Amino acid sequence: MSIKEMIDAGKTAIGIEFGSTRIKAVMVDEAGKPIAQGDFGWENQYENGVWTYSLDMIWTGLKEAYVKLLADVQEKYGTVIKTTGAIGFSAMMHGYMAFNEGGELLVPFRTWRNTITGEAAAALTQEFGFNIPERWSIAHLHQAILNKEEHVKDISFFTTLAGYIHWQLSGEKVLGIGDASGMFPIDSRTRNYNAEYMEKYDKLLGSLGVSFRIEDILPKVLLAGDKAGVLSAEGAAKLDVSGSLQAGIPLCPPEGDAGTGMVATNSVAVRTGNVSAGTSIFAMVVMEKALSKVHPEIDVVTTPVGDDVAMVHCNNCTSDINAWAKIFREYSEAMGIEVDTNKLYTTMFKAALSGAPDCGGLMGFNYFSGEPVTGFAEGRPVFARKINADFSFANFMRLHLFSAVSTLKVGLDILLREEDVKVDKLYGHGGFFKTPEVGQRIMSAATGGPITVMETAGEGGAWGMAILALYLVKASEGGLTLPDFLNNAIFAGESGSTVTAAAEEIQGFDAFMESFKVSLPIEKAAVETL
């Protein structure tokens, strides 16, 4: 069967992911290979003290990404998408989208990037004896209650961005367990919301004069492979403005970007992990056993099938590198030199490899927004150096790559050294790893172990979501676990590229981290004075 025949027969799957800077749609064939894609660039807005995306932008972006997917299919295969085996939607996890009984959004979408829920997160962590980070949906809800916000009395349902899109296109108020685990704690034994914590929270709600129960406003939890409804006629019209797409296409459970990252890197099995490094950076390790105690730097989410995952999440990663790339581009243009974007980034990243192991006396903080892992509600990008520092381009770039992963290392040291969590394989994906070897070597220096990048890592979360959609089709045939499906059908024969930092590079990063920790007052002063 040709690819055109496969598309016409609906033997494909589509994944669409709402990332922080791009909405991407990917179509895969029966073997999970990408055959077409479309995307749409977007940025969050900071309005009235809140990081948000407007509903208009959400729907415009979805439609435009799908239009480009259609165009890619038309150009490559001379056909139109009328149906497909399954569709899946994923998005940035956490955040807060609250609706009334009429389905109206009560307040602008509050994204994961907001650090405005400190009081609520601390109170819930204390109440549950389980770490509730500031970006979690339950922290946003509880903060709104503590703030006595007018909209709280009208809440009928709240969900994540992926859950919202799925609901609007299918009518189903459901969520994949991985995404749900960033809304409210999950019990990995029952594969559902933690009943003990829900009971505690309902009592807390009652004491605060809130009439609803938490279980009544949360989306239903589903596992990868579960049926999550079908594309409605209204949903098909919203997604495909051309009117070609048929209703009734099966939808898989909507997932968060953590879950799609696990799938895209084949790290859903116990003792595997991955590091996703782009606008934000987070590391996830599928655990054999529970953590010994609560760590505010580490939160526990799940794989798309409900196994516990330790996550270290940092709000900032490559934004400061991108800002410096803009400066270098402007300088080059002022000198009359046209610079190719790929060459610019490759040159910047490769320079870092020849820098001093500890960055030669340079220091920096890449904090565009707050960073709860190190205790910052706000951020200010900062570059500093000692008077006698070796101020070279190589050290400058090495510093900025170190800065991009340094806060992550704070959490990883707790996970790998203090908790002694075992990881057999750690995979990297995202823009930080795009330049061959460089990002891997820096990350390996930070973690102290090998970092593997698969050939498919560049496909990203939308591809991971398409694979989950394909798994829905295959799982309906029975008896196939998600790890088996990934190992035997998607990643069979693919080993990827593995890089291990030299001993002096690891020692250099450790030395840098000592300076990083004692230099945090510089960042504090910047926040207070700039």
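Modeller: Across β1, β2 (22–28), β3, β6 and β13 lies helix α15 (residues 460–475), at about 140 degrees to β1. Axes are lines fitted to C-alpha atoms, for helices over the stretch in contact (heavy atoms within 4.5 Å), and angles run from 0 to 180 degrees between N-to-C directions. Helices (H or I, at least four residues) and strands (E, at least two) are DSSP runs, numbered from the N terminus. The model is predicted: local features need pLDDT of at least 70, side-chain atom pairs count only at pLDDT 80 or more, and totals for chains, interfaces and linings use all residues. Residues are numbered from 1 along each chain as its sequence is written, and side-chain values use heavy atoms, leaving out hydrogens and water.

Colleague: What is the order of the five strands in the open sheet?

Modeller: Strands of a sheet pair through backbone hydrogen bonds, either parallel or antiparallel. Here the order is β3-β2-β1-β6-β13, with mixed pairing (at least two DSSP bridges between two strands). β3 (34–41) and β13 (255–256) each have a single partner strand, so one side of each lacks a neighbour in the sheet. β1 (residues 13–18) and β6 (residues 86–91) pair in the parallel sense over six bridges.

Colleague: Which residues have the most contacts inside the largest nonpolar core?

Modeller: In soluble globular proteins, nonpolar side chains tend to be buried together. A nonpolar core joins buried (under 20% relative accessible area, 1.4 Å probe, protein chains only) Ala, Val, Leu, Ile, Met, Phe, Trp, Tyr and Cys residues through side-chain atoms within 4.5 Å. The largest has 134 residues, and Leu141, Phe184, Tyr201, Ile214 and Phe432 have the most contacts inside it. Helix α13 (residues 393–418) gives the most to this core, with twelve residues.

Terms used. Buried < 20%, exposed > 50% of the residue type's maximum accessible area, 1.4 Å probe, protein only.
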